[in-house]
Amino acid sequence: MGTERKVNNRRKFFQTSAALVGGTLLYAIIKPFEALAQPKEEELKTDKANLPLWGMGVDLEKCIGCGKCAEACKIENKVPKEPFYFRTWVEQYTVKNDGTVKIESPNGGIGGLKQSVPDEEIFKSFMVPKLCNHCTKAPCVQACPVGATFISPDGVVLVDETYCIGCSYCIQACPYGARFMNPITKVADKCTFCYHRINEGLQPACVEVCPTNARIFGDLRDKESDLVNFLQVNPTQVLKPHLNTHSRVFYNGLSSEVK
Amino acid sequence: MPKLIFRLFLTFVVFVGIFILIQQLLTPESFGEYGHYRANAIDDNKMSTSFYKGEAKCNECHQDIFDQKALDVHDAVRCESCHSPKIDASTDCKVSPPIVKGTIKFCAECHATNPARLKKGVPQLNFKEHYDKQNCIECHNPHAPWELKEK
């Protein structure tokens with residue numbers, strides 16, 4: 001009895017392992033042929049060249065920190081009104097005479113930023129609007145375990161709200177702090193360049209309301225767009241270039257203090 | 001074929017079959033069409049409503065104000081910079097007009113003194129010195145700020 005059971009166990013074990021190994025092998029063999037079954041890859045690449053590649057330019061010399069962009073973004077995208085949920089916000093940097101840097105952004109700049117440092121202590125001061133940088137090599141996309149965040153064919157980093165499991169890995173992965181957990185939908189939320197607007201031919205809400213035209217939105221592939229012109233005229237920089245995220249939000253007049 | 005090998009083969013086929021079946025069931029529709037994500041999510045992102053209609057939409061009814069604005073310093077400021085849409089009346093501004101009171105606090109969002117603001121281009125005022133307690137629009141026409149109203 002005992003010997004028989006042992007033999008049966010061994011047989012079962014070998015059967016299961018063989019099936020497992022075989023299954024994996026078969027899948028590995030089938031996988032490369034999937035491309036043959038759907039020869040769409042080639043078409044898609046040519047299609048991509050015809051699509052726009054969205055990007056944004058931010059002219060820091062023009063930004064006055066009125067916070068209209070942050071306010072408009074909240075209205076347009078139904079972002080909760082609490083002062084810690086922002087798709088875009090404005091930071092005020094103040095470099096003091098002793099070299100220390102003060103960064104403040106009360107309520108994301110909505111209602112206009114006010115200087116809290118007395119005039120005589122200020123070495124220089126400037127505004128920096130921040131938003132999702134729409135990286136070409138987005139760390140958030142790599143971090144997502146389920147493929148709920150992705151770069152669309154026209155270069156916008158989007159969130160699939162129905163597919164997101166709310167693990168907030170992407171929020172930790174984002175080096176720009178551009179993501180947050182939406183308390184209403186319970187999924188990750190971020191700037192989409194107002195994807196619904198740009199596909200209707202409108203400008204993103206923040207660009208639409210900016211009173212000094214400090215934000216320039218456009219198609220990087222269209223050589224005649226305002227954005228390409230802005231990039232040609234001004235020496236621009238991206239935030240945190242050492243991270244190699246290849247972001248598509250370009251800043252003109254960026255100081256080295258900006259983190 | 002020996003019975004043993006046949007059983008082994010059968011188990012193998014069944015296992016692979018179940019694997020493919022589960023994978024098919026769990027993969028959502030349109031997943032992987034453009035990459036490791038649901039292609040339909042692109043359309044989902046387009047579904048949202050635009051509350052800000054753009055200046056062209058405002059011009060359909062308010063061409064007169066637009067012409068007035070074009071002649072003065074607020075020409076680059078779009079309508080919705082100040083007249084942000086009321087969220088419940090997103091489709092029709094006639095239902096709930098986006099009226100701005102033009103208080104000092106409102107105008108100060110852009111025009112209050114701040115060393116971080118550019119010195120030229122946007123006039124900066126110390127509002128405490130500049131006629132305290134009065135609303136800006138009592139003297140200034142917001143669409144043409146240098147057209148001062150007579151008192």
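On the surface, A:Asp98, A:Asp119, A:Glu120 and A:Glu121 gather in a patch of negative charge. This is a predicted model, in which local features need pLDDT of at least 70 and side-chain atom pairs count only at pLDDT 80 or more, while totals for chains, interfaces and linings use all residues. Residues are numbered from 1 along each chain as its sequence is written, chains are lettered from A and ligands numbered from 1 in the order in which they are written, and side-chain values use heavy atoms, with hydrogens and water left out.

**Surface patches**

- Patches are made of residues with over 30% relative accessible area and no salt bridge; like charges are joined within 9 Å, and nonpolar side chains (Val, Leu, Ile, Met, Phe, Trp, Tyr) within 5 Å.
- Accessible areas come from the Shrake-Rupley method with a 1.4 Å probe, and for residues only the protein chains shown count as cover.
- For charge, Lys and Arg count as positive and Asp and Glu as negative, whereas His and the chain ends are not counted; the place of a charge is taken as NZ of Lys, CZ of Arg, CG of Asp or CD of Glu.
- A:Asp119, a member of the negative patch, lies in the loop between strand E3 (101-104) and strand E4 (122-131) of chain A; helices (H or I, at least four residues) and strands (E, at least two) are DSSP runs numbered from the N terminus.
- A:Asp119 counts as exposed because its relative accessibility is 57%; buried means under 20% relative accessible area, exposed over 50%, and partly exposed in between (1.4 Å probe, protein chains only).
- In chain B, a nonpolar surface patch is formed by B:Met1, B:Leu4, B:Ile5, B:Phe6, B:Leu10, B:Val14, B:Ile18, B:Leu21, B:Ile22, B:Leu25 and B:Leu26, which together have about 1200 Å² of accessible area.

**Salt bridges**

- Side chains of opposite charge can pair when their charged atoms come close.
- Over all chains, the structure holds nine salt bridges, each being a side-chain nitrogen of Lys or Arg within 4 Å of a carboxyl oxygen of Asp or Glu.
- One of them joins A:Glu91 and A:Lys130, with the closest N and O atoms 3.0 Å apart. A:Glu91 lies in strand E2 (residues 88-96) of chain A and A:Lys130 in strand E4, so this pair ties together parts that are 39 residues apart in sequence.
- A:Glu91 is buried, with a relative accessible area of 11%, and A:Lys130 is buried at 7%.
- A:Lys124 forms a salt bridge with A:Glu257, the closest N and O atoms being 3.5 Å apart. This pair links distant parts of the chain, 133 residues apart: A:Lys124 is in strand E4, and A:Glu257 is in the segment after strand E11 (249-252) of chain A.
- A:Lys124 counts as partly exposed, at 29% relative accessibility.
- In chain B, B:Lys46 pairs with B:Asp43, and their closest N and O atoms are 3.9 Å apart. The two residues are separated by about one helical turn because they stand three residues apart in helix H2 (residues 40-46) of chain B.
- B:Lys46 is partly exposed, with a relative accessible area of 32%, and B:Asp43 is partly exposed at 41%.
- Salt bridges that share partners also join A:Asp160, B:Arg38 and B:Asp44 into one network.

**Cysteines**

- A disulfide is a covalent bond between the sulfur atoms of two cysteines.
- With a disulfide taken as a pair of cysteine sulfur atoms within 2.5 Å, the count over all chains comes to zero.
- The sulfur of A:Cys194 is too far for a bond, because the closest cysteine sulfur, in A:Cys73, is 6.1 Å away. A:Cys194 counts as buried at 6% relative accessibility.
- B:Cys58 is likewise in no disulfide, and the nearest cysteine sulfur, that of B:Cys79, is 4.0 Å away.

**Backbone features of chain A**

- A:His134 is not a glycine, yet has a positive phi of about 45 degrees. A:His134 sits in the loop between E4 and helix H5 (139-143) of chain A and counts as buried at 0% relative accessibility.
- A:Phe193, also not a glycine, has a positive phi of about 60 degrees. A:Phe193 is located in the loop between strand E8 (188-189) and helix H7 (195-198) of chain A, and is buried at 1% relative accessibility.
- A:Gly218 is in strand E9 (residues 215-219) of chain A and is buried, with a relative accessible area of 8%.
- A:Gly218 and A:Asn229 are eleven residues apart in sequence, and their C-alpha atoms are 9.9 Å apart in space.
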